[in-house]
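Hi,

Here's the model I promised to pass on. Have a look at it first, and my notes follow below.

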Amino acid sequence: MTWLDLAAGPLLAKICLVVLFPFSALDKVMHWDDAMKQASSGPLPGAALMLVLGTLVEVVAPICIVTGYYDRLAAFLLAGFCAVTAILFHRFWEFPGFWSKKGEGNAHFWDFWKNFGLVGGLLLVTLGGSYAPASAVIGHPLSSGPQAAPAEVARSLPTP
């Protein structure tokens with residue numbers, strides 16, 4: 001196993017997955033009134049508490065994910081944060097013409113689905129287990145399923 005297999009590849013992937021969250025937390029702190037206005041626009045009470053907890057999650061969870069310290073738990077919490085944020089604050093379906101480029105809900109439409117894209121990536125950290133070595137990815141760059149495994153390994157895998 002090379003350094004690329006063990007550290008650089010997975011580290012770069014995790015950094016790319018979570019890099020926006022600390023900046024989002026900083027934006028909330030720097031523009032607290034605007035963040036409070038958005039948090040208050042949702043259907044749940046306790047906007048200030050939600051904002052403080054959300055900011056903490058956006059700071060602490062990425063550090064845990066990148067360092068590997070309780071990374072699965074942190075990824076699960078951050079995935080939940082992204083899903084809840086999408087459902088509570090990016091309700092694009094409430095805006096007529098959200099599909100129109102100039103529609104009022106168009107930004108919410110894209111933010112909603114971007115959040116769920118992050119949920120998917122974070123759930124892969126939560127559920128994915130060990131990382132494939134870079135040599136395995138290079139050897140079979142287009143697939144990670146049994147069809148990518150050498151024939152003798154593929155025969156030993158259970159069939160669905």
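This is a predicted model: local features need pLDDT of at least 70, side-chain atom pairs count only at pLDDT 80 or more; totals for chains, interfaces and linings use all residues.

Which residues do ring pairs link into a cluster? They are Phe 92, Trp 93, Phe 109, Trp 110, Phe 112, Trp 113 and Phe 116.

Residues are numbered from 1 along each chain as its sequence is written, and side-chain values use heavy atoms, with hydrogens and water left out.

Back to the rings. Rings of Phe, Tyr and Trp (its six-membered ring) pair if their centres lie within 6.5 Å; planes under 30 degrees apart count as stacked, over 60 as edge-to-face and the rest as tilted. That rule gives nine aromatic pairs. Phe 92 and Phe 109 sit 5.0 Å apart by ring centres with planes at 85 degrees, so they're edge-to-face. Phe 92 is in the loop between H5 and H6 and Phe 109 in helix H6, so the pair ties together parts 17 residues apart in sequence. (Helices are DSSP runs of H or I, at least four residues, numbered from the N terminus.) Both Phe 92 and Phe 109 are buried, meaning under 20% relative accessible area, with exposed over 50% and partly exposed in between (1.4 Å probe, protein chains only).

Phe 112 and Trp 113 also pair edge-to-face, at 4.8 Å centre to centre and 85 degrees between the planes. Phe 112 is buried, at 9% relative accessible area, whereas Trp 113 is partly exposed at 44%.

Cheers

Technical notes
Helices (H or I, at least four residues) and strands (E, at least two) are DSSP runs, numbered from the N terminus.
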